[in-house]
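I opened the notebook to look up charged contacts and ring contacts. Here is the structure I worked from.

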Amino acid sequence: MQLVRGLHNLRPQHRGCVVTIGNFDGVHRGHQAILARLRERATELGLPGCVVIFEPQPREFFAPDSAPPRLTRLREKLELLAAEGVDRVLCLAFNRRFCQLSAQAFVQSVLVDGLGVRHLEVGDDFRFGCDRAGDFAFLRQAGAAEGFTVEAAVTVEVDGLRVSSTRLRAALHHGDLPLAERLLGRPFSLCGRVLHGQKLGRQLGTPTANVQLKRRRVPLGGVYLVSTELDGRCWPGVANIGVRPSVAGDGRAHLEMHLLDFAGDLYGRHLRVTFHHKLRDEERFSSLEALKTAIDADIAAARAYWQGKPPTHEPE
């Protein structure tokens, strides 16, 4: 899959493609249906399929303190889009200049002049351009004038409700991992590099890997049964994700993971941590002894859960 960062990096060879536009946060089953249709139309027309995304996501630009937590960072999103058979991603910087583009200027500069779009697949509720003035009807009219077709994306439902990133965040917030997996079509996971931390887990007799999140907010919190793949082997473990209220911290969310019976150096490794089951909410303990007791109980619960049930990862 080819990644193009910004309109200024588009070249003549990038013109002529089938396009869809959106945040694609989570690349859930609703997104997967759009991408499947993108592949179908691209194959029919003999053209590459291109996904247009934005960094930061629009709500992160307009209201960074209240924007919903990311389901996927850019690196994770690109990996998931590549797995869905996308040929090209155009990542546009969402900044003050870009958000002031009119709907007509967006169509002309991005879709027509930039990508030479032949077919566009978007949700019928898609809005774009300054003040969100552009909508599906506007795109249909523009397509008729500029020579590209526009089709509304299919709606995917789970439990009778539309699959969306908002619903997925709600499921994760409430610890409903089975629902999250049904919405995603795979278990929920987070990726990050293992960094040096406070070494508190080692002092308590339970060494942990401190996984860098690089997120303003996270979509879930608490203590979970998790797994990660290392050198072709899937290791079960237990993880805490949150602000660590029992120790002095920086107020930001951290992911600390203990792998059962693992004895090795993880520093610098980039890991995908898959969440399987929520044990409990994060708690504030009155002493390190009480914290250690709770950690020991979490590890015992993890051993009981994984006994005779080796973790597996669904293909992504």
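**Entry 1: salt bridges.** I note at the start that this is a predicted model. I searched for salt bridges and found 18 in the structure.

**Entry 2: glutamate 151 and arginine 37.** I found a salt bridge between these two, with the closest N and O atoms 3.2 Å apart. I checked where the partners sit: glutamate 151 is in strand 6 (residues 149–152) and arginine 37 is in helix 1 (residues 29–45), so the bridge ties together parts 114 residues apart in sequence. Arginine 37 is partly exposed at 23%.

**Entry 3: arginine 162 and aspartate 125.** I read an N to O distance of 3.9 Å for this salt bridge. The cut-off is 4 Å, so the pair counts. Arginine 162 belongs to strand 8 (residues 161–162), while aspartate 125 is in the loop between strand 5 (117–122) and helix 6 (136–146); the pair therefore ties parts that are 37 residues apart in sequence. I logged arginine 162 as partly exposed, at 47% relative accessibility.

**Entry 4: aspartate 159 and arginine 182.** Here the closest N and O atoms are 2.8 Å apart in a salt bridge. I placed aspartate 159 in the loop between strand 7 (157–158) and strand 8, and arginine 182 in helix 8 (residues 177–184), so parts 23 residues apart in sequence are tied together. Aspartate 159 is exposed, at 52%. Arginine 182 is partly exposed, at 37%.

**Entry 5: aromatic pairs.** My search of the whole structure gave 14 aromatic pairs. Phenylalanine 98 and phenylalanine 106 pair edge-to-face, 6.0 Å centre to centre, with 75° between the planes. Both of these phenylalanines are buried. Phenylalanine 106 also pairs with phenylalanine 128: the centres are 5.3 Å apart and the planes lie at 50°, so I logged this pair as tilted. It links distant parts of the chain, 22 residues apart: phenylalanine 106 is in helix 5 (residues 103–114) and phenylalanine 128 in the loop between strand 5 and helix 6. Phenylalanine 128 is buried.

**Entry 6: the cluster.** I traced one aromatic cluster whose members include Phe54, Phe94, Phe98, Phe106 and Phe128.

Terms used. Residues numbered from 1 in each chain as written. Predicted model: local features only at pLDDT ≥ 70, side-chain atom pairs only at ≥ 80, totals over all residues. Heavy atoms only, no water. Salt bridge = Lys/Arg side-chain N within 4 Å of Asp/Glu carboxyl O. Helix = DSSP H or I, 4+ residues; strand = E, 2+ residues; numbered from the N terminus. Buried < 20%, exposed > 50% of the residue type's maximum accessible area, 1.4 Å probe, protein only. Phe/Tyr/Trp six-rings, centres within 6.5 Å; stacked < 30°, edge-to-face > 60°.
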